[in-house]
Amino acid sequence: MTDTRKFLRQCVNCKEYKNKQDLIRITKDFIGGNIQFNNNNQINGRSVYLCKNSECIKEALKKKKIEHSLKSQIPENMKEELYNLLKN
Ligand SMILES: [Zn+2]
């Protein structure tokens, strides 16, 4: 039996498990503590995942779910980029 959850990641907002391709990955790197988009898996660190839909992005920003999960403020330019995604 295979555990499908092994290949899935949980959205920080809706708590649904999805394929990595369907999620935005944000990582706080272990060394510098920088918080960055990490969809190419270049950064090692603590990650949060967010659905690529406006509902989850909006809610996560409003309720500071990314911040809570990473225990850090997310950079302003990242918030802007997330808001920009909402417009598309
Ligand atoms: Zn979600």
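Me: Lys71 has 8 other C-beta atoms within 10 Å; is Lys71 buried or exposed?

Reply: Happy to start there. This is a predicted model, and in it 8 other C-beta atoms lie within 10 Å of Lys71. The cut-off for this class is 12 or fewer. Lys71 is therefore exposed.

Me: What is the phi of Lys71, a residue other than glycine?

Reply: Lys71 sits in the loop between helix H2 (65–70) and H3. Most residues other than glycine have a negative phi. Lys71 has a positive value instead, and its phi is near 55 degrees.

Me: Which residue has a positive phi of about 60 degrees although it is not a glycine?

Reply: Look in the loop between S4 and S5, where Asn41 has its place. With 10 C-beta neighbours inside 10 Å, Asn41 counts as exposed. The residue with the positive phi of about 60 degrees, although not a glycine, is Asn41.

Me: With 20 C-beta neighbours inside 10 Å, does Ile43 count as buried or exposed?

Reply: Ile43 lies in the loop between S4 and S5. Leaving out residues up to four places away in sequence, Ile43 touches Thr27, Asp29, Gln36 and Asn38. The cut-off for a buried residue is 20 or more other C-beta atoms within 10 Å. Ile43 has 20 such neighbours, so Ile43 counts as buried.

Me: How far apart are the C-alpha atoms of Ile43 and Ile31?

Reply: Ile43 belongs to the loop between S4 and S5. Along the chain, Ile43 and Ile31 are 12 residues apart. The separation of their C-alpha atoms is 9.9 Å.

Me: In what order do the three strands of the open sheet stand?

Reply: Strand S4 (35–37) and strand S5 (45–51) are at the edges, each with a single partner strand, so one side of each has no neighbour in the sheet. Neighbouring strands are turned against each other by 25 degrees on average, direction ignored. The pairing is antiparallel, and the order is S4-S3-S5.

Me: How many bridges join S3 to S5?

Reply: Strand S3 (residues 23–29) is joined to S4 by three bridges, and these two strands run antiparallel. S3 and S5 also run antiparallel. Arg25 stands opposite Tyr49 in S5. The number of bridges joining S3 to S5 is seven.

Me: Which residue in S4 is the bridge partner of Thr27?

Reply: S3 and S4 run antiparallel and are joined by three bridges. S3 itself is mostly covered, with five of its seven residues buried. For Thr27, the bridge partner in S4 is Gln36.

Me: Are H1 and H3 roughly parallel or antiparallel to each other?

Reply: Helix H1 (residues 54–62) packs against helix H3 (residues 76–87) at an angle of about 150 degrees, with axes 9 Å apart. Angles over 145 degrees fall in one class. H1 and H3 are therefore roughly antiparallel.

Me: How many nonpolar residues does the contact of H1 with H3 have?

Reply: H1 passes H3 in a left-handed crossing. From H1, the contact uses Ser54, Ile57, Lys58 and Leu61, and from H3 it uses Lys79, Leu82, Leu85 and Leu86. By class, one residue is polar and two are charged, while the number of nonpolar residues is five.

Me: What is the separation of the C-alpha atoms of Arg9 and Leu86?

Reply: Arg9 lies in strand S1 (residues 8–10), and with 18 C-beta neighbours inside 10 Å it counts as partly exposed. Leaving aside neighbours within four places in sequence, the contacts of Arg9 are Tyr17, Lys18, Lys20, Leu23 and Tyr49. Arg9 and Leu86 are 77 residues apart along the chain, and their C-alpha atoms are separated by 21 Å.

Me: And how far apart are the C-alpha atoms of Glu59 and Val12?

Reply: Glu59 has its place in helix H1. With 16 C-beta neighbours inside 10 Å, Glu59 counts as partly exposed. Glu59 and Val12 are 47 residues apart along the chain, and the separation of their C-alpha atoms is 9.8 Å.

Conventions: Residues are numbered from 1 along each chain as its sequence is written. This is a predicted model: local features need pLDDT of at least 70, side-chain atom pairs count only at pLDDT 80 or more; totals for chains, interfaces and linings use all residues. Axes are lines fitted to C-alpha atoms, for helices over the stretch in contact, and angles run from 0 to 180 degrees between N-to-C directions. Helices (H or I, at least four residues) and strands (E, at least two) are DSSP runs, numbered from the N terminus. Angles under 35 degrees count as roughly parallel, over 145 as roughly antiparallel, 65 to 115 as roughly perpendicular and the rest as oblique. A crossing is left-handed if the near helix is turned anticlockwise from the far one by less than a right angle, and right-handed if clockwise. Two residues are in contact if their C-beta atoms, placed from the backbone, lie within 7 Å. Ala, Val, Leu, Ile, Met, Phe, Trp, Tyr, Cys and Pro count as nonpolar, Asp, Glu, Lys and Arg as charged, and the others, Gly among them, as polar. Two strands pair if DSSP finds at least two bridges between them.
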